[in-house]
Amino acid sequence: MRRLLLGGPDDPRWSRPALWAVLAVACALYTWNLPGGGDANAYYSAAVKSGTQSWKAFFFGSLDAGSFITVDKPPMALWVQGLFARVLGFSTWSLLLPQALAGTASVAVLHQTVRRAFGPAAALAAAVVLTLTPITVAIDRDNNPDTLLVLLLVGAAWAAQRAVAGGRVRMLLLAAFLVGCGFNTKMLQAFLVVPALAAVYLVAARPGIWRRLAHLVAAGAVLAVSSLWWTLLVDAIPARSRPFIGGSTDGTVWDLVVGYNGLGRIFGRSGPGGGGQSGGFGGEPGAGRLFNDVLGGQISWLLPLAALSLLVGALALAWRPRRDLRGAALLLWGLWLAVHFAVFSFAEGTFHPYYSTAMAPAVAALCGAGVPLLAALYRRPRWAWAVPVCVAVTGGWAFALLARTPQWHPWLRWAVAAAAVAAVLGLLAGRYLPGLRPGVWHVVVPGALAAAVFAGLAGPGAYAVAAAASPVNGTNPLAGPSSGGGFPGGGPSRGGTRGGFPGGPGGMPGGAPGGAAGGMPGGASGTPGGASGGASGNASGNAPSGVPSGGMRPGGGRGGFGGGPGGGLDSAMVSYLEREQGSARWLVAVSSAQSASSVILRTGRPVIAMGGFTGSDPAMTVAKLQGLVASGQVKFVLLGGGFGPDGGNDAVTAWVRAHGTAVPASQYGGTSQDTGSSGSAGSSAGLYRLGAS
């Protein structure tokens, strides 16, 4: 216990208490006011709730307890949250507490990894940087799968470094297994670290070259098994006995892997695999994406310092032995950062800013490694000038980022600038000013270092605190101020609820007008697949044109979309459906998961999302719906809000209109304005009863 609290005998006395302090800060940032997070990302929250009601839904990651369709990600993150919910009961805490714990654990694992290579000071710096990375704070307060992904990948880096240092193949196999778990958390994004892990073992591990190659082959086998076991098992189950795989085009996990969650993310809709609006929520692809008005304040604060630390380390350690652990660590984290930077910068598919949290461990580790490397450089008069240059670049970029939101704490950017100038002057004086007395030197240089720390961390720290003080935005978590200007082009907008979306000021892709309730990239009216529901609604929840006021409404959640467009069904309609459900398996079939998730969370009853997350999945067919109606499993279908020709389901819409009975709004307490519910000719929107009454 003493070793756990105070560290080992070789550790400085301050090392372990300082780590505990950082972990306490991390935990506080990630858990502050979590009960105010509501349902967070309602899409995943509904799947977690369904998983607490059905082990089948739990295993498949189904959106509904009836297991009609899954979410568009593998289920490992849902499994963790679902187990918490089964033990603690379904609540905001059971959804978000495992996320906060995983985020805090990532800080601890990164600290241990960096400490082994660069010492306690570097490890502490890395832990602080990861803790205060703004987008990491935002995503660790949410129930998206990225938090668990980061923990698994940092664990893989820890294991790979142990394999390099000790020459034990079992640690390499553990690293491969953890990456495989990452694949079952967020599919191919987990594989972005594989080049770094493989290269560092091949270059720096102790065994001979042929043994190293054999070990990598074995690790590849472990990676394949740990990654694909769930995919192969699910796809081997007959389609009639499993849910449709959300996000796929043919109901298989493999199509999801290589399509929507694979090549579609890289090439966008026009490339192999299809899948996603070019640019998406993160701005247009290009080398400057991670520095733009959306992502700059989320991840890029210390990117220049990380790159400079990598350069300094590469020059300083270039002639060290192959097995030098510091060089191996630089190779590991440098490749991790380079691969993520390239993929995230140029990916043309849907790209959310919070994806960049996977870069944060590499940025933090390289900044931490820079502490001893730059300290050694500062002791050499010929190269000491490089240290104040690093401080100037870091402080200058922080000033530029803060200047993008001039009305948000305007004093902060000037304080950062002043601290950077003071640090540069102090460091130059401490090294080059002749005749500086020792007593003065011991005041000037520590003061300059303290100013440098402030200049580097004040900006991201302020954004991190702003994220902790804000309501959880499940759909598009962001940290920092809300400028009201939208993004990109108008400064960061916390939660993405003001001003619009990518594609133009105050607008959405394709020129659709933005609104407070917002929409999502792609398709007419700014919603995926050309959906009209929820994209142009207003903040008060009034229905957009063409959507029944007694049916779907935009905005069902806090600080964002409530899980996406078409945020929910009117409470009077939901009450009517509950009264009339009878023995039917599903309460109602609706257009998309954005509508279904809110009803699942409200009622705890299964709801069919005929078109998946976007409303465009070909999950429902006429034959399938006929069978469900004939067997009495479905009695009601709500048309409109994104389910139609754009999703390839116009035949289903036509069948429902031809064989169903429109439910008048008066039956459930709606209004005469309910389009379709009154049975008006030419309208397909509204609630329909199918089968015998």
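**Overview of the chain**

Mentor: The protein chain has an accessible surface of about 25,300 Å², and carbon and sulfur atoms account for 64% of that surface; accessible areas come from the Shrake-Rupley method with a 1.4 Å probe, and for residues only the protein chains shown count as cover. This is a predicted model, in which local features need pLDDT of at least 70 and side-chain atom pairs count only at pLDDT 80 or more, while totals for chains, interfaces and linings use all residues. Residues are numbered from 1 along each chain as its sequence is written, and side-chain values use heavy atoms, with hydrogens and water left out.

Trainee: How many helices and strands are there in the protein chain?
Mentor: The chain has 24 helices and seven strands, taken as DSSP runs numbered from the N terminus (helices are H or I, at least four residues; strands are E, at least two).

Trainee: And what share of the residues is buried?
Mentor: Of the 693 residues in the chain, 59% are buried, where buried means under 20% relative accessible area, exposed means over 50%, and partly exposed lies in between (1.4 Å probe, protein chains only).

Trainee: Let's pick a residue. Where is Ser 62 found, and is it buried or exposed?
Mentor: Ser 62 sits in the loop between α4 (55-60) and α5 (76-88), and Ser 62 is buried because its relative accessible area is 0%.

Trainee: What does the side chain of Ser 62 make a polar contact with?
Mentor: Its partner is the side chain of Ser 67, at 3.1 Å; a polar contact is a pair of N or O atoms within 3.5 Å, and within protein one must be able to donate a hydrogen and the other to accept it, with residues adjacent in sequence counting only if both atoms are side-chain atoms. Setting aside neighbours within four places in sequence, Ser 62 has contacts (heavy atoms within 4.5 Å) with residues including Ala 47, Ile 69 and Pro 243.

Trainee: Switching topic, which helix does Asp 146 lie in?
Mentor: Asp 146 lies in helix α9, residues 146-166, and Asp 146 counts as buried because its relative accessibility is 1%. Apart from neighbours within four places in sequence, the residues in contact with Asp 146 include Lys 186, Gln 189 and Tyr 354.

Trainee: How many salt bridges does the structure hold?
Mentor: There are eight salt bridges, each being a side-chain nitrogen of Lys or Arg within 4 Å of a carboxyl oxygen of Asp or Glu. One of them joins the side chains of Asp 293 and Arg 404, at 3.4 Å from N to O. This pair links distant parts of the chain, 111 residues apart, with Asp 293 in the loop between α13 (253-267) and α14 (296-299) and Arg 404 in the loop between α18 and α19.

Trainee: Why can such side chains pair at all?
Mentor: Side chains of opposite charge can pair when their charged atoms come close.

Trainee: What about Arg 689, which residue does it form a salt bridge with?
Mentor: Arg 689 pairs with Glu 580, and the closest N and O atoms are 3.1 Å apart. That pair also links distant parts of the chain, from Arg 689 in strand β7 (residues 686-689) to Glu 580 in helix α21, 109 residues apart. Arg 689 counts as buried because its relative accessibility is 14%, whereas Glu 580 is partly exposed, at 28%.
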